Structure formats: structure tokens, C-alpha cells
Amino acid sequence: MSVAVADVHASREGATVSPLSAARGRQARRIRRWKAVGAGGIAVLLLIWTLVPLYNIFMVSLESKGDVFTNTIWPDQPSLGSFWIVITEGYWYLEHFWEQFANSVYIGVGTVFFTLAIGSLASFAIGRMRVRYGWLLSNAALMTYVIPASFLAIPFYRIMQIYGLTDNLWSVIAAEVTFATPYAIFIFHQYGVSIPIELDEAARIDGASPGQVYWKIYLPLMAPALVAVGTYALLLAWNEYLYQFLLLSSKESMSVPVALAQFFNSDEAPWNYMMATAIVYSIPPVAIYYAFRRRMSAGLTMGGVKG
Amino acid sequence: MSSVPSAHPLSLNPGEYPPGRRLQRSELAWALAFLAPYLVVFAAFVVYPVGHGLWIARDPALYAELFADQRYLRTVVNTVLFVGLGVNLMMFAAVLLSGLFVRREWWVRALLAVYLTCWALPAVPAFVSFHWMLIGEQGLVNGLLRELFGVEGPIWFNDRWLALGCNIIAYVWKWMPFWTVVFVAGRMAIPQEIYEAAAVDGATGARRFLHVVFPILANLYLVCTLLATLWTVGDFNTTYLVSIGAPARSSEVLATLGFHYAFDAAQPALGIAATMSALPILVPVALVLMRRLQAGGVQL
């Protein structure tokens with residue numbers, strides 16, 4: 001704002017001095033106005049782009065009948081009935097909804113805990129204790145991402161049969177931790193570089209064991225990175241579908257996304273219940289995202305990017 | 001920066017690894033104990049499955065069978081289009097949009113919060129919504145086309161190219177916000193003085209983007225594009241949930257085709273071979289990515 005005002009003054013003074021700079025001032029103002037219009041236009045388009053699929057979920061979930069769509073832009077008789085059905089498990093596809101929701105939470109919490117624990121221990125040994133060939137392990141871990149998780153699903157499924165872990169939530173937690181930990185080690189390592197190593201050395205001279213240094217110095221100072229990676233791991237587990245679908249088969253051990261996609265198998269697809277389920281399932285990550293928004297975007301990019 | 005030999009061996013650039021050192025015996029025990037959980041995970045859930053997969057798919061006859069299969073060749077074309085168009089459109093749009101989101105007005109920040117909902121929304125609900133939105137006459141998209149423009153929209157999942165396009169749009173919708181945030185952080189890290197200097201030299205607007213912003217972001221852009229390529233090649237959810245491979249399995253990508261070979265056609269070896277056939281592309285991408293990550297000091 002202040003810049004614009006200053007500019008107006010400058011161009012006014014310019015008008016008395018030379019007509020050339022007045023023209024330039026007018027041009028600058030015109031450019032600025034066009035820029036504002038352009039930004040506004042892009043913003044409106046982006047808003048539509050973002051909101052249409054979200055609106056669609058709400059619209060379908062508010063339908064009072066699952067299969068008849070008389071009006072496709074807004075339901076004839078909007079009702080919250082399908083949410084009530086989901087919450088009370090009032091449809092045979094949704095019999096175990098809360099059990100399945102608990103399974104999803106269990107998988108999410110387990111993934112977060114083990115990713116943070118295993119990742120921080122490994123990064124402490126590599127980055128702080130400077131174990132020999134540590135960089136090699138860290139790079140090997142990153143190579144996990146060469147083969148996409150979905151390509152490993154078939155051998156992974158077989159190996160879980162060998163381990164006797166099929167239809168067990170722990171098999172899914174193992175899969176999610178496997179794919180979240182390399183990223184965790186990478187981020188922890190980068191973040192850890194900013195913590196002075198002298199802290200560790202001083203504590204060691206005072207007689208602290210490496211375990212105490214890890215617990216009392218490293219972990220507390222790493223808190224922002226732990227929050228960021230923890231959120232990442234939770235969202236990963238909440239987003240993931242393929243492994244949960246392959247490894248969990250019974251209704252009691254299923255997680256919500258698997259149950260959700262099961263609606264596709266039904267002939268009498270009750271889409272309104274499906275969308276209501278989807279909304280209930282989406283509440284935790286969206287809520288967590290809005291709660292941790294500031295810290296997360298800071299953590300995701302770890303304090304800026306050097307080109 | 002100083003010419004004095006560094007007194008602090010650990011004042012490293014981020015991403016650089018400290019030199020290893022020989023640990024005393026008691027320390028070594030601690031370090032091994034700290035590394036043990038990850039070593040177990042890595043051996044049991046990375047090395048073993050990868051080895052097992054390669055072992056199952058070792059027979060060259062499998063690959064001959066694959067290349068003879070019309071469906072496989074079509075899937076390769078789809079995968080190349082899905083990844084090539086999806087990743088490049090997404091990254092280019094993200095880097096342009098990041099220019100909007102570095103502005104500090106309240107409405108820009110509010111817009112960013114709304115925009116990032118796509119990313120926070122779990123994949124299955126998001127893609128199920130896309131599927132339902134595009135399904136025939138009943139879907140919201142065709143409903144909107146009819147109400148607003150009086151146009152009768154196509155049946156999206158009846159045509160291979162339309163279905164593939166829908167998958168790409170859905171994928172970009174879900175993942176573009178993430179990359180936008182990465183680029184916003186990249187732009188924030190550019191010192192204001194560089195912009196001022198560029199403005200003095202007359203570089204504003206598109207020129208500033210072309211000659212100032214983009215060269216600075218180039219390494220980050222490359223790294224992110226490579227990373228997104230790896231992730232997109234492996235993307236299963238979009239195709240499986242948006243177009244469901246329709247029509248007649250003609251919009252499949254490698255990840256879903258391998259799955260169908262293995263679990264619907266009961267040919268797990270062929271399924272693994274189908275996915276492993278992408279390795280000659282993936283490994284070089286990953287190697288370039290690793291080098292860039294280490295050399296450029298890019299932080300994600």
C-alpha cells in the first residue's frame with residue numbers, strides 16, 4: 001500500500017518535471033492493476049478447481065436416496081441421514097465401521113511411533129555418533145524408493161504369508177514403516193546438522209552414555225522434525241490403500257479405505273453412505289493438517305530450500 | 001568460507017554426511033544397538049521382498065510373454081503418458097502457482113489453506129469422488145455442463161484417452177498442492193536483494209521469472225521432478241479408483257496391470273515381471289536424483 005502511494009507522488013512530481021516519467025508512472029500503475037486482476041483470476045480458477053471434487057463428496061453424501069439422482073447439481077431433499085447411518089453402522093456394508101476406524105487409527109499410530117523411533121535411532125547413530133559407513137546405510141535406505149511401493153506389493157504379500165502375518169494389522173504397520181523410515185532418516189539427518197555437536201560432546205564428558213544423550217539431548221532438540229515427520233507418517237498411513245487392501249481381508253481387521261472401496265463391488269451401490277463414510281474418514285487428517293499447518297509446512301521443507 | 005582450516009568438522013552443508021570415525025568398543029555397541037531396528041526392517045521388508053521378487057521374475061520367457069501381450073504394450077504407452085504428462089503439467093503449474101502464494105495478502109493465505117485441503121484429504125475418498133463425479137450422465141461434471149452451458153458431456157470412461165486424461169487430472173489435483181508448497185519455500189529462500197537488483201536491471205514480470213527465479217530454482221525443480229516421476233510411476237490408487245481401468249482395461253498403468261496379472265489372472269510371476277520391466281527406467285532416474293541431492297544440497 002505504502003509503495004503504491006509513494007509511486008503516485010513520484011509520478012505527480014514527475015509530471016511537473018518531464019512528461020516521459022509521468023507516462024512511465026501510468027504504465028507502472030496499469031501493469032500493477034493488471035497483475036492484481038490476473039492474480040485474482042487465477043485465484044478464482046484455483047478455488048473452483050479445488051472445491052468441485054470436495055463439493056461433490058458433500059453433495060452425494062447429502063442425497064437421501066443412494067441410487068436415484070434426479071438433480072445432479074444439488075440433491076432434491078438434502079438430509080444428513082447417511083451420516084447417521086454411518087455413525088450408527090446402520091447398513092450391512094458398514095456393520096463394522098467403528099471397528100475399522102479403530103483399525104485405521106491403530107495402523108496410523110503404530111506407523112508414526114515406529115517410524116519416529118526407528119528413524120531417530122538410526123539417524124542418531126549415523127549423524128551424531130558418526131558410525132563408520134553410516135552414509136552408506138543412509139543411501140541404501142533411500143534406494144528403497146527406487147522400486148515404488150506398489151511394485152513391491154506382490155512379493156511383499158508372499159513374504160507376509162511366509163511370516164504368518166496375513167490379515168494382521170502388524171503386517172500393514174510393517175509395510176508403512178518400511179516406506180516411511182528412509183524419508184525420516186533423511187530429514188532427521190538434515191535437521192540434526194543444525195544442532196551443535198558440542199552439546200553431545202559436553203554431555204559425554206560429563207559422563208552421559210550415548211543412550212542418555214539420545215534421550216535427553218537429541219530427542220528434545222529434534223522436536224520440530226519429529227512433529228513434521230510424524231505428521232508425514234500419519235498421512236502416509238491414512239492415504240495408503242494397496243497394502244491395506246492386500247494384507248487385510250476379514251471385515252474385522254479391515255481399515256476404512258479398504259471397506260470404502262468395497263462399495264465398488266456392490267450392485268446396489270449406496271453412494272451417499274459411501275461419501276458420508278469418506279467424509280468421516282477424512283476428518284482426522286484434515287483436522288490435524290489445520291492444527292499443525294504452520295509447523296508442518298515449515299517441517300516439510302525444513303527451513304527453506306537451497307538451490 | 002574462511003581460509004582457516006575448519007575447527008568444526010561438523011559444520012557441514014545440509015545433506016552432506018560427516019566423515020565416519022572408529023568408535024570405541026562401548027560406543028560401537030551403542031551405535032549398533034541404535035542401528036539394529038532399522039537394519040532388521042531393511043533386511044526383512046526391503047532386501048528380502050526385492051530379492052524374492054527378482055527371483056520369481058528371473059525367467060526371460062516371462063518377458064517374452066509380456067512383450068507379446070498387446071495389453072502390456074498398451075499399458076506401457078499409458079504409463080508413459082500418465083507419468084510424462086502428469087508430472088510435467090503438475091510441476092510446471094506448481095512452480096507458476098508458487099509465485100502467487102509467496103504474496104502476503106490475507107486472501108492468498110486463506111486460498112493456500114483451502115488449496116492444501118486436496119493434499120490433506122486421504123487418497124481413497126478423493127479418487128472415489130472423482131470417479132463418481134465423472135461417471136456418465138449422473139456425474140456432477142456432466143450435470144454442470146448441462147445446467148450451465150447446455151452441453152451434453154461425453155461418457156468419460158468409455159474412451160481410453162478420456163479415461164486416461166481423467167486419471168491425470170485427478171492425480172494432479174491430489175498432489176500439486178504438495179509440490180506448490182515445496183516451491184513456495186524455494187522462492188522464499190531467494191534473498192530479496194536479488195529481486196531488487198533484477199528490478200534495477202529492468203527484469204520484471206515474465207523476464208524476472210525466466211532469467212532470475214527459474215535459474216535459481218532449476219536444481220530444486222529437477223530434483224522434485226525426478227522424485228515425482230518415481231512416485232508417479234508407482235501410483236496405483238489413481239487408476240485403480242478413478243477410471244478402474246475402464247473401458248475394458250485399456251487405461252491401465254503398470255502398477256495396476258501387475259496387480260491384475262497377479263491377483264485376478266493368478267499369474268504372480270508375470271505380474272512381478274510387468275512391474276520389474278520398469279526398472280531400466282527407474283534406476284537411472286534414482287541415480288541422477290541421489291547425485292543431485294548430494295551435490296546440490298537441496299533440502300526437501
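This is a predicted model: local features need pLDDT of at least 70, side-chain atom pairs count only at pLDDT 80 or more; totals for chains, interfaces and linings use all residues.
Mentor: Residues are numbered from 1 along each chain as its sequence is written, and chains are lettered from A and ligands numbered from 1 in the order in which they are written.

Trainee: What makes up chain A, in helices and strands?

Mentor: Chain A has 13 helices and 0 strands, where helices (H or I, at least four residues) and strands (E, at least two) are DSSP runs numbered from the N terminus.

Trainee: Why is α4(A) called oblique to α7(A)?

Mentor: Helix α4 (residues 97-128) of chain A packs with helix α7 (residues 169-192) of chain A at an angle of about 40 degrees, their axes lying 7 Å apart. Axes are lines fitted to C-alpha atoms, for helices over the stretch in contact, and angles run from 0 to 180 degrees between N-to-C directions. Angles under 35 degrees count as roughly parallel, over 145 as roughly antiparallel, 65 to 115 as roughly perpendicular and the rest as oblique, so α4(A) is oblique to α7(A).

Trainee: Which helices of chain B pack at an angle of about 40 degrees?

Mentor: Helix α3 (residues 70-101) of chain B and helix α8 (residues 160-188) of chain B do, with their axes 7 Å apart, and α3(B) and α8(B) are therefore oblique to each other. The contact of α3(B) with α8(B) has 20 nonpolar, 5 polar and 1 charged residues, where Ala, Val, Leu, Ile, Met, Phe, Trp, Tyr, Cys and Pro count as nonpolar, Asp, Glu, Lys and Arg as charged, and the others, Gly among them, as polar.

Trainee: How many residues does each chain bring to the contact between the chains?

Mentor: Chain A brings 83 residues and chain B brings 85 residues, two residues being in contact if their C-beta atoms, placed from the backbone, lie within 7 Å. On the side of chain A that touches chain B, helix α2 (residues 19-61) of chain A gives the most, with 12 residues, and that side divides into 59 nonpolar, 19 polar and 5 charged residues.

Trainee: Where do the domains of chain B lie?

Mentor: Chain B is divided into domain 1 (23-56) and domain 2 (70-296), with bounds that come from an automatic or database domain assignment. The C-alpha centres of domain 1 of chain B and domain 2 of chain B lie 34 Å apart.
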